[in-house]
Amino acid sequence: MSSFSEWTGGTVTLAEPLLVRYFPPSLEGGLTVAGATKLPSVQSIAAPSFRLTLSLPNLLLGNIKFNALRLDKPALTLKSRNSTESADAIFGRLTAFLADAPLQTVRIRGGKVGPPQGAPLLSAVDVRLNTRGQSGAMETYGSFNFNGEPVTFSFDRGKFVEDDDKRSAPVAIKVTSAPLTARFSGTIHVADTLEGEGDLEAKLPDIRRFLGWTGVVLPKGDSLKDASASGRVHWAGGTLTFDDGTFDFDGNEAVGLLAITAGPRPRLDGTLAFEQLTLDPYLPDLKPETPRKRLFDWVLLKHLDADLRLSAAKLSARGLELGQGGFTINAKNGKISNEVGALELCGGEAEGRLDLDLSAPRSEASLSGTLANVALTNCLQSLGLNVPVKGSGTLDADISTGGTTREELIRGLAGTIKVSAAEGSLPVDLAALLAKPDAEASGWSQNAGTDYSALDADCSISAGHLWCQSFHLVTDKGAVTGAGGLDIAQQTLDWNFRMADPVAPADPPEPVSKSQPRITMNGTLSVPQIARTTHPAPQAGASTQETQVNRGPRVDSP
């Protein structure tokens, strides 16, 4: 057993009784290996039954040379995890160990691999290794169970070639399991670390399931399905890099560079280009009937680190069709920043920044950005708001919120919004409402509206309400001013407008009436109740704030 001891670098002990057979020449019994310095991460091997076969031609010539080793139900005990040896160094030494096997065949049946205490890492290990030894070609194939999933594999390696301080060999690898199917063909380099390059094809029906299988647990979700990756790769240590890969997941296909680094928090780095990118699988469903749950559990980047640059010729999100655009994503320990640049939206362009802090149970979010020259009608309809407002507008927003649920995030909304639009119309016939006392309308006007040349509004958000304390509309019949609010969660309105009476003289020397016409707008956003009311004229000396009827709480401009 001296050659076997030399191969493993440990002490080999045979357990009696031993059975010696002469044809074929073999030795059978029990076996233990301890202190195997050349076998990385393995503390000991114990097999209740082994069979070691000698080479008959060599034996006839008077030489003793082992031909095959079979281990039945061996237990491989791993070293403790506090070892300072890196994973890539372990893989490198294991490959070198197998390359130097002094046997033509090693067979393991019903084995298990695990720590000194606890459940085994691998079970039902069934492996066959065929080698010519001493850096010759090697073929390995078999199966095992890992974390409850059966895995089959094959590993074919050509002859090693010495090159300075490393050895290189062609390899072909295939792994088949429910979470992952992969093929690799290329070259490996073995030194202190394991490196290589070649062509890789991988399919993952469910990325969440795969990551959970490997120890990175993500919350359940409907995204990250039907994934695949292919292309030329190289790896060094724990980082696998696609230099020019093709990637597909959730029906989105991309090409570009992507580097994946394994670890307790996996990391993604890359630049990807999409022809079309659908964001629906990665966005929360904010509909009221959606079951309540933690809002940001869908965010994969809560559990991964990333530095990504993404571009798409066309994007869509929750029914909102977008044009081309690009954005960057940076994530570190649950803190995420996303910068959007030149994104086509509703015929205009969006730029801005979204920051998320998902590192604590309470999520924090902030948004600052600009929508410029957007078509209001198309944009509102895409958002599910059936308000036929026409015109081309610009919106500036600076908003933040925090919470753990959808309701808390809506209630926590705070910030400012400024809106300006030109050459459009409101779905309200102000002239008809002002022409008759006690006139009213139920819902937006589909046939007649009020054209405007300019619209400006300064609004603020607080406690789930959008409040516009300053609203100014320029029409051909005069200026309309007002104030009002929107309950974001309930989608209800409460607005008051004031407009000069179109039948009164332009500049009367004194009031012609003791009253002024007003327009009120209340009820749901989709079907509001719109009516003309008459309020007493303002008294001399009344402040500007008092002349504008306001059904909501007064909010001073920030």
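Colleague: Why is the meeting of the Arg 265 and Asp 305 side chains called a salt bridge?

Modeller: A salt bridge needs a side-chain nitrogen of Lys or Arg within 4 Å of a carboxyl oxygen of Asp or Glu. Between Arg 265 and Asp 305 the N to O distance is 3.0 Å, which is within 4 Å, so the pair is called a salt bridge. By this rule the count comes to 13 salt bridges.

Colleague: What do these values rest on?

Modeller: The model is predicted, with local features needing pLDDT of at least 70 and side-chain atom pairs pLDDT 80 or more, while totals for chains, interfaces and linings use all residues. Residues are numbered from 1 along each chain as its sequence is written, and side-chain values use heavy atoms, with hydrogens and water left out.

Colleague: Where do Arg 265 and Asp 305 lie in the chain?

Modeller: Arg 265 is in the loop between strand 16 (252-261) and strand 17 (267-274), and Asp 305 is in strand 19. The two are 40 residues apart, and the pair links distant parts of the chain. A strand here is a DSSP run of E with at least two residues, a helix a run of H or I with at least four, both numbered from the N terminus.

Colleague: Is Asp 305 buried or exposed?

Modeller: Buried means under 20% relative accessible area, exposed means over 50%, and partly exposed lies in between (1.4 Å probe, protein chains only). Asp 305 has 6%, so Asp 305 is buried. Arg 265 has 30% and therefore counts as partly exposed.

Colleague: How do you know that the side chains of Asp 206 and Lys 225 meet in a salt bridge?

Modeller: Their N to O distance is 2.7 Å, and the rule asks for a value within 4 Å, so the pair passes. Asp 206 belongs to strand 13 (residues 194-206) and Lys 225 to strand 14 (residues 225-236), 19 residues apart. With a relative accessible area of 17%, Asp 206 is buried, whereas Lys 225, at 25%, counts as partly exposed.

Colleague: What makes Glu 339 and Arg 353 a pair that ties together parts of the chain?

Modeller: Their side chains meet in a salt bridge with an N to O distance of 2.5 Å. Glu 339 lies in strand 23 (residues 335-345) and Arg 353 in strand 24 (residues 348-357), so the tie is between parts 14 residues apart in sequence. Glu 339 has 40% relative accessibility and therefore counts as partly exposed. Arg 353 is partly exposed too, at 32%.

Colleague: Which residues do salt bridges that share partners join into one network?

Modeller: They are Arg 70, Asp 72 and Arg 109.

Colleague: Why is the link of Cys 459 and Cys 468 called a disulfide?

Modeller: The term covers a pair of cysteine sulfur atoms within 2.5 Å. Here the S to S distance is 2.0 Å, so the pair meets the definition. The structure holds one disulfide. With 90 degrees about the S-S bond, the link is right-handed. Cys 459 counts as buried because its relative accessibility is 6%, and Cys 468 counts as buried at 6%.

Colleague: Which residues is Ala 483 in contact with, leaving aside neighbours within four places in sequence?

Modeller: Contact means heavy atoms within 4.5 Å. Ala 483 has such contacts with Trp 467, Cys 468, Gln 469, Asp 494, Trp 495 and Asn 496. Ala 483 and Trp 495 are 12 residues apart in sequence, yet 5.9 Å apart in space, C-alpha to C-alpha. Ala 483 lies in strand 31 (residues 478-487) and is buried, with a relative accessible area of 6%.

Colleague: What makes Ser 311 partly exposed?

Modeller: Its relative accessible area is 32%, and that falls between 20% and 50%, so the label follows. Ser 311 is in strand 19 (residues 305-312). Not counting residues up to four places away in sequence, Ser 311 touches Leu 272, Ala 273, Phe 274, Gly 325 and Gly 326.

Colleague: How do the side chains alternate along strand 8?

Modeller: In residues 138-146, Met 138, Thr 140, Gly 142, Phe 144 and Phe 146 point to one face and are buried.
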